[in-house]
Amino acid sequence: MDTIAIRVEGVSRQFDQTDGQGPLLVLDGIDLSVSQGEFVSLVGASGCGKTTLLKMMGGLVGCEDGTITINGRGVHGVPDNIGFVFQEPGLLPWRSVTGNVELALQHKRLPGAKKQEIVRRYLEVTGLTDFAGFPPYRLSGGMQQRVGLARALAVDPSVLLMDEPFGALDALTRAALQVELGRIVESVGSTVVFVTHDVDEAIFLSDKVVVMGTRPGRIRAIVEVPGKRPRTREEFASNGAYLELRNRILRLIEGVPEAAA
């Protein structure tokens, strides 16, 4: 039996509105389980609550109704061993690549040599060894995002939460980093929840794709992706099953009932 890394049960969330119209229900009755080592993507139209759900998993947004557990412990604030990667890497411009990755370890009671060893490892994993001393402004957008990923991995997270990390990148850079992310996640073994608007990206990277409906966000379907990770571009392009899966997910996002599709 698979070990459950993340369990979301009966979760709803509303936010107060500034126009006096009362609270706005953003998520309603979300139930989701993510097994240890799984890569799960959340897709859906803008405003369906994908990012809110991800932030709730990471303890950045409180859970009003229902429960969220990570590795069997309730989420109340940011859990230990969680890594975050956002669309903007949030690098400190006055620190080098090494210095930015070291930030993740500043509160850990580790000898300096051990911290340096960890940083070196994840710079190597993310292909940044030759750029260790560079300031962020000398790096491309894709390389800056690699630094953000290395920083998240440096804490050895059991769960990695990623919110559209490639959304601001050009198509070629994005495609290259998708391949790299697949390889990296396979090598470190983290459980990943990944928010994206790109259905092809979700299918290429994931074991499962969670399709969410428009506000209030509810899960319309959880779609299994065939084949083992990490995938190759050649395999992805030549497998007609992925095209069928893409069309199915797009119809679900549009709200077409599966029986009518």
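## Basis of the description

The model is predicted, with local features requiring pLDDT of at least 70 and side-chain atom pairs counted only at pLDDT 80 or more, while totals for chains, interfaces and linings use all residues. Residues are numbered from 1 along each chain as its sequence is written, and side-chain values use heavy atoms, with hydrogens and water left out.

## Helix α5

Helix α5 (residues 171-188) contains 18 residues and spans 26 Å from its first C-alpha to its last, close to the 26 Å expected at 1.5 Å a residue, where the expected span is 1.5 Å times one less than the number of residues. Helices (H or I, at least four residues) and strands (E, at least two) are DSSP runs, numbered from the N terminus.

The buried residues of α5 (buried meaning under 20% relative accessible area, with a 1.4 Å probe and protein chains only) are R174, L177, Q178, L181, G182, I184 and V185. At the start of α5, a side-chain oxygen of D170 comes to within 3.2 Å of the backbone nitrogen of L172, and just after the helix G189 adopts a positive phi of about 80°.

## The six-stranded sheet

Six strands form an open sheet in the order β6-β7-β8-β3-β9-β10, with mixed pairing; two strands pair if DSSP finds at least two bridges between them. The edge strands, β6 (82-86) and β10 (219-224), each pair on one side only.

Within this sheet, β3 (residues 39-44) and β8 (residues 191-195) pair in the parallel sense over four bridges, and L42 has V195 in β8 as its bridge partner.

Conventions. Buried < 20%, exposed > 50% of the residue type's maximum accessible area, 1.4 Å probe, protein only. Polar contact = N/O pair within 3.5 Å; in protein donor to acceptor, adjacent residues only side chain to side chain.
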